[in-house]
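Good morning, and thank you for coming.

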Amino acid sequence: MMKTYKIAVIGQGYVGLPLSLEFAGHYPVYGFDINAQRVNELNNGQDITLEADLDKLNDGLKKYTESNGSVGYKATSQLSEISDANVFIVTVPTPIDKYNAPDLNPLISASKMLGEIIKKGDIVIYESTVFPGCTEEECVPVLEKYSGLKFNEDFYVGYSPERINPGDKVNTLTSVKKVTSGSTENIAEEVDNLYKKIITAGTHKAPSIKVAEASKAIENAQRDVNISFVNELALIFDRVGIDTNDVLEAAGTKYNFLKYKPGLVGGHCISVDPYYLAHKAEQLGYHPDVILSGRRVNDSIAKFVASKVVKLLIAKGGIIKDSEALILGVTFKENCPDVRNTKVVDIYKELSDYGVHVDIYDPWASKDEVKHEYGINILDTLIEGKKYDSLIIAVSHNEFLEMDLNTLKKENAVVFDTKACLDRNLVDARL
């Protein structure tokens with residue numbers, strides 16, 4: 001007899017919502033989130049993350065209603081509503097704390113919550129980024145403790161790392177190959193088949209949960225290290241007095257040169273995941289020099305940008321204290337509302353420490369979210385007629401590429417382009 005799935009996806013953010021909507025085309029899916037306002041918005045067909053296909057969202061909601069819950073999507077913040085599911089997929093955030101150590105609180109809280117409702121035969125699949133061994137060593141004991149059930153006898157777990165790239169409408173959930181794994185051979189096969197139902201690019205069944213966990217950690221650690229190399233080049237070439245992008249263009253003519261670009265490294269993955277890998281390595285008595293040196297370089301770039309702007313202002317005869325600066329963009333990447341772990345805030349703080357008055361304008365970002373996360377008030381709109389002593393293009397939103405910067409500049413203003421997205425004749429310096 002073919003198994004009938006009823007799925008609950010825990011967390012309805014950038015990862016959980018698209019996943020819920022894809023599964024909702026085949027199964028009944030509950031999108032669970034502790035944020036009641038978020039749940040209300042989703043059930044009304046709205047998505048502030050801009051990641052969801054709104055047609056799919058509304059289609060899923062309609063299907064759920066018309067089928068009386070036998071297929072389709074419904075968002076909920078009520079634990080009792082998801083207790084009859086038999087597959088639970090955890091997509092909660094896994095941030096780092098102020099000491100750059102993994103913060104597993106959301107993951108442990110979700111595991112505790114699920115431990116109170118899982119039943120015999122249920123499968124819990126984790127998608128949150130973790131260090132190798134975390135699922136079985138940290139999450140499973142919590143599930144056992146709160147459920148009273150025995151792992152791999154009464155309930156099972158899987159791990160399938162998320163590969164969502166916020167703002168990317170080409171490399172979407174279904175078009176990127178998915179790594180899967182399970183706590184037994186049979187469960188690994190079942191989890192793999194479940195994802196095959198929605199991932200058109202196919203799946204890769206890893207031989208163990210630890211391998212799947214490690215694969216996610218190194219995907220982003222590799223990118224972080226590669227970017228740190230070109231960021232270090234930018235710091236060197238600034239001292240040499242040559243343009244980094246010119247050097248990369250020249251070197252890029254060789255067939256095996258990888259053309260990574262320098263820049264601010266923020267967001268929910270690249271600037272966080274390497275610390276998870278480093279944490280596990282240090283637990284086992286190994287200090288990961290390459291990974292952590294890459295992190296140090298990338299975390300220093302915001303400070304470099306701010307100090308460079310100050311030096312350029314001084315060179316032009318400007319007064320630093322009480323000068324006016326405008327930062328264009330606060331999200332961690334272009335054409336996307338995601339402000340998680342953005343390094344633009346570090347430029348803001350550094351300039352403020354110099355005594356500069358800093359405005360931030362970003363048409364993509366939520367003013368309330370930036371205030372809540374970072375305690376910074378950003379502009380709703382540009383202040384009419386206001387001109388600045390320095391402009392920093394921090395994010396290459398399409399809106400900024402079409403903007404006439406002359407309307408925002410005082411005479412002898414400094415323009416710094418962190419993304420090398422503008423005509424070089426319009427800027428004083430760039431990464």
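This is a predicted model: local features need pLDDT of at least 70, side-chain atom pairs count only at pLDDT 80 or more; totals for chains, interfaces and linings use all residues.

How many salt bridges are counted between domain 1 and domain 2? The count is one, where a salt bridge is a side-chain nitrogen of Lys or Arg within 4 Å of a carboxyl oxygen of Asp or Glu. Glu137 and Lys280 form a salt bridge through their side chains, at 3.2 Å from N to O.

Residues are numbered from 1 along each chain as its sequence is written, and side-chain values use heavy atoms, with hydrogens and water left out.

Domain 1 spans 7-208 and domain 2 spans 244-430; these bounds come from an automatic or database domain assignment. Their C-alpha centres are 33 Å apart.

Turning to the interface, 21 residues of domain 1 contact 18 residues of domain 2, contact meaning heavy atoms within 4.5 Å. Together the two domains bury about 1500 Å², 63% of it on carbon and sulfur atoms. Buried area here is the accessible area (1.4 Å probe) that two parts lose on being put together, summed over both. Of the area that domain 1 buries against domain 2, Tyr14, Phe131 and Pro166 supply 30%, more than any other three residues.

Finally, the overall dimensions. Along the principal axes, the C-alpha atoms of the protein chain fill a box of roughly 80 × 50 × 40 Å.
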